[in-house]
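I opened a new page to keep track of what I look up in this structure. The entries follow the order in which I checked things.

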Amino acid sequence: MVDALERLGLDYLYKDEINLILEQCYLQFINKGFIEHRNLYEVSLSFRILRQRGFRVSADAFELFKGKNGKFVENLKYDIRGLMELYEASHLCIEGENILDEARIFSNHMLQKKTLSFLDQKEARRVTYTLEHPHRRNFTHFSLHNSPKEFDAPILKELAELECKMTKSIRRMEINEVLRCNSQYSFIITICYWKS
């Protein structure tokens, strides 16, 4: 739910509630026993959101998804949601975190080469969008129509669309005010210039 609110640009409305949820999630995340019972999607999503919000979480959590050969397990290629979230999480790499570099290469390769041909058109479009526009480098309101299907709560999307329209309206008014002030200012400068 935190991710849905964030992607829809509504997270600021629930700032306090989200902080409480993230504090609880962080305490669970640092408990290795908790992570061992989670799938790739849950671990990647938790990691990404916590790290984006400034929590110090270790990328070692992704070691669970590596085989004995030290590489990511090949059967993860069937977990499209998990791979997409792993790709997103890998963009929050701190220098020296080789596992996240490996995660980016692995998830990118799996999503591009091996899975796009097996997906329906809508899902393939979401995967392509994720690869081209990772969440970290994305403007929230532009991703409104590309949100994953688990965010298809009509009331949230309607609220996000209303919020987007209100924001556009406010920005237009601000731009018009700046332009009006600018034209008045340039008029004053012109008069001062001609007087001197």
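**Entry 1: Arg-51**

I began with Arg-51, which is found in helix α4, residues 40–52. I noted that the model is a predicted one. Next I asked: is Arg-51 buried or exposed? Its relative accessibility is 13%, so I wrote it down as buried; the cut-off for buried is under 20%.

I then looked up what the side chain of Arg-51 reaches. A polar atom of that side chain lies 2.6 Å from the backbone oxygen of Val-57. The side chain also reaches the backbone oxygen of Leu-92, at 2.8 Å. Leaving out residues up to four places away in sequence, I listed what Arg-51 touches: Val-57, Ala-59, Leu-92, Cys-93, Ile-94, Glu-97 and Leu-100.

Glu-97 needed a second look. Arg-51 forms a salt bridge with Glu-97, and their closest N and O atoms are 2.7 Å apart. Arg-51 sits in helix α4 and Glu-97 in the loop between α5 and α6 (98–115), so this pair ties together parts that are 46 residues apart in sequence. I checked burial for the two partners, and both Arg-51 and Glu-97 are buried.

**Entry 2: the other salt bridges**

How many salt bridges does the structure hold? I found four.

One joins Arg-48 to Glu-85, with the closest N and O atoms 2.4 Å apart. Arg-48 belongs to helix α4 and Glu-85 to helix α5, so the bridge ties together parts 37 residues apart in sequence. Arg-48 has a relative accessibility of 1%, so it counts as buried. Glu-85 is buried too, at a relative accessible area of 5%.

Another joins Asp-101 to Arg-104, where the closest N and O atoms are 3.6 Å apart. These two residues both lie in helix α6, three residues apart, which is about one turn of the helix. Asp-101 has 31% relative accessibility, so I put it down as partly exposed. Arg-104, at 25%, also counts as partly exposed.

**Entry 3: helix α5**

Since Glu-85 lies in helix α5, I went through that helix next. Why is α5 described as largely enclosed by the rest of the structure? Ten of its eleven residues (80–90) are buried, and therefore the description holds. The buried ones are Ile-80, Gly-82, Leu-83, Met-84, Glu-85, Leu-86, Tyr-87, Glu-88, Ala-89 and Ser-90.

**Entry 4: the largest pocket**

I turned to empty space. Rolling a probe the size of a water molecule over the atoms shows where such space is left. The largest pocket has a volume of about 430 Å³. I counted 23 residues in its lining, and Met-1, Cys-25, Leu-45, Ser-46 and Ile-49 lie nearest its centre. Which helices each supply at least two residues of the lining? My list has α1 (2–7), α2 (15–29), α3 (32–35) and α4. Sorted by class, the lining has 17 nonpolar, two polar and four charged residues.

**Entry 5: the whole chain**

Last, I stepped back to the chain. It has eight helices and zero strands, so the pattern along the sequence reads α-α-α-α-α-α-α-α. Of the 196 residues, 38% are buried. Among contacts between residues at least 6 apart in sequence, 64% join residues at least 24 apart.

Technical notes: Residues are numbered from 1 along each chain as its sequence is written. This is a predicted model: local features need pLDDT of at least 70, side-chain atom pairs count only at pLDDT 80 or more; totals for chains, interfaces and linings use all residues. Side-chain values use heavy atoms; hydrogens and water are left out. Buried means under 20% relative accessible area, exposed over 50%, partly exposed in between (1.4 Å probe, protein chains only). Helices (H or I, at least four residues) and strands (E, at least two) are DSSP runs, numbered from the N terminus. A polar contact is a pair of N or O atoms within 3.5 Å; within protein, one must be able to donate a hydrogen and the other to accept it, and residues adjacent in sequence count only if both atoms are side-chain atoms. Contact means heavy atoms within 4.5 Å. On a 1 Å grid over the protein atoms alone, a cavity is a set of points where a 1.4 Å probe fits but cannot get out, and a pocket is an open set with protein on both sides within 12 Å along at least five of seven lines; lining residues have an atom within 4 Å of a point. Grid points are joined across faces, edges and corners, and a volume is the space filled by probe spheres set on the points. Ala, Val, Leu, Ile, Met, Phe, Trp, Tyr, Cys and Pro count as nonpolar, Asp, Glu, Lys and Arg as charged, and the others, Gly among them, as polar. A salt bridge is a side-chain nitrogen of Lys or Arg within 4 Å of a carboxyl oxygen of Asp or Glu.
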